[in-house]
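Subject: Structure handover

Hello,

Here is the structure I promised to pass on to you. Please open it alongside this note, and the findings follow below.

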Amino acid sequence: MTNPLSYAVIRECQNPKCNLRFPDSYELDISINCPICGSAALIKETIDLTKDCRDINNWKPFREFTLILDNVRSVYNVGAIFRTAIGLGLNHVYLCGITPTPKHKQFNKTSLGAENFINWEKSLNCVEQCKSLKEIGYQLISIESTSESISLLNIKKVDLGDSKTAIIVGNEITGIDPKVLSLSDLVISIPITGKNKSFNVTTALGIALFHLGALSLI
């Protein structure tokens with residue numbers, strides 16, 4: 001039987017008044033019922049999920065970056081962060097305070113198995129964890145909007161230390177612990193022009209990691 005992770009299909013509802021088009025796991029059955037109107041939904045396309053189309057020749061893994069999640073409350077955000085981290089070549093995450101771990105039953109919903117390829121540690125106290133990393137030479141960079149934050153657009157390659165760097169994101173409501181901010185070598189904000197005051201923590205981290213990683217290629 002075909003591995004459902006290897007192939008997927010696109011189905012289309014045969015009811016012209018509905019015409020729903022949607023992805024589905026690979027099945028040998030010719031038809032299933034449309035989830036909207038109940039009419040037959042036939043396979044229109046088959047997608048090979050085993051193809052690797054990544055452009056990895058001109059990009060190096062961000063091995064120098066470690067992540068610290070300070071009381072990120074949503075298991076879905078944490079799972080998505082793991083997927084982002086592994087996609088950018090990171091290999092270690094510290095899960096501090098109430099941050100859920102991969103042991104949570106809903107973790108895989110957004111991580112899609114990324115936890116199997118990245119090292120992680122649970123730490124109950126983010127301040128103590130940050131102190132420990134600073135003692136062994138880590139540069140700490142917090143992603144947070146404060147009155148003294150530096151715009152991500154103004155960060156230069158010279159601002160990134162030669163030693164290992166830990167990138168910190170915080171709670172979706174309260175942000176990063178003030179004591180952790182005071183321990184940070186840099187506090188970086190991401191410019192935002194819309195009506196919202198901030199990005200989702202996963203989105204913000206992805207933007208920051210990609211930008212900071214790209215600086216190493218300059």
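A term to settle before anything else: two residues are in contact, or touch, when they have heavy atoms within 4.5 Å. Please also keep in mind that this is a predicted model, in which local features need pLDDT of at least 70 and side-chain atom pairs count only at pLDDT 80 or more, while totals for chains, interfaces and linings use all residues. Residues are numbered from 1 along each chain as its sequence is written, and side-chain values use heavy atoms, with hydrogens and water left out.

The overall picture

The protein has 5 helices and 11 strands. These are DSSP runs numbered from the N terminus, with helices being H or I of at least four residues and strands being E of at least two. Of its 218 residues, 41% count as buried. Buried stands for under 20% relative accessible area, exposed for over 50%, and partly exposed for what lies in between, with a 1.4 Å probe and protein chains only. The protein exposes about 12900 Å², and carbon and sulfur atoms supply 52% of that area; the areas come from the Shrake-Rupley method with a 1.4 Å probe, and for residues only the protein chains shown count as cover. Among contacts in the protein with a separation of 6 or more, 75% are between residues 24 or more positions apart.

The cores

A nonpolar core here is a set of buried Ala, Val, Leu, Ile, Met, Phe, Trp, Tyr and Cys residues joined through side-chain atoms within 4.5 Å. Which members of the largest nonpolar core touch the most other members? Of its 33 residues, they are Leu 67, Ile 167 and Leu 212. At least two residues of this core come from each of strand S5 (65–70), helix H1 (75–87), strand S6 (92–96), strand S8 (139–143), strand S10 (165–169), S11 and H5. The largest share, 7 residues, comes from H5. Leaving out residues up to four places away in sequence, Leu 212 touches Phe 65, Leu 152, Ile 155, Leu 160, Ile 167 and Ile 188. Apart from this core lies another, of 16 residues, with Val 127, Tyr 138, Ala 166 and Ile 176 among them.

The second largest pocket

About 380 Å³ of space lies in the second largest pocket. Of the 19 residues that line this pocket, Ile 143, Glu 144, Ser 198, Phe 199 and Ala 204 are the closest to its centre. For the method, a 1 Å grid is laid over the protein atoms alone; a pocket is an open set of points where a 1.4 Å probe fits, with protein on both sides within 12 Å along at least five of seven lines, and lining residues have an atom within 4 Å of a point. Grid points are joined across faces, edges and corners, and the volume is the space filled by probe spheres set on the points. Strand S11 (186–189) and helix H5 (201–215) each supply at least two residues of the lining. The lining divides into 9 nonpolar, 7 polar and 3 charged residues; Ala, Val, Leu, Ile, Met, Phe, Trp, Tyr, Cys and Pro count as nonpolar, Asp, Glu, Lys and Arg as charged, and the others, Gly among them, as polar.

Single residues to look at

Begin with Ser 6, in the segment before strand S1 (7–13). Ser 6 counts as buried because its relative accessibility is 17%. Neighbours within four places aside, Ser 6 is in contact with Ile 47, Asp 48, Leu 49 and Thr 50.

In strand S1 you will find Glu 12. The C-alpha atoms of Glu 12 and Lys 44 are separated by 6.6 Å, although the two are 32 residues apart along the chain.

Asn 19 sits in the loop between S1 and strand S2 (21–25), and its phi is near 60°, a positive value in a residue other than glycine. Leu 112, in the loop between helix H2 (108–111) and strand S7 (119–123), also has a positive phi, near 50°. Most residues other than glycine have a negative phi.

Finally, is Val 158 buried or exposed? At 72% relative accessibility, Val 158 counts as exposed. Its place is in the loop between S9 and S10.

Best wishes
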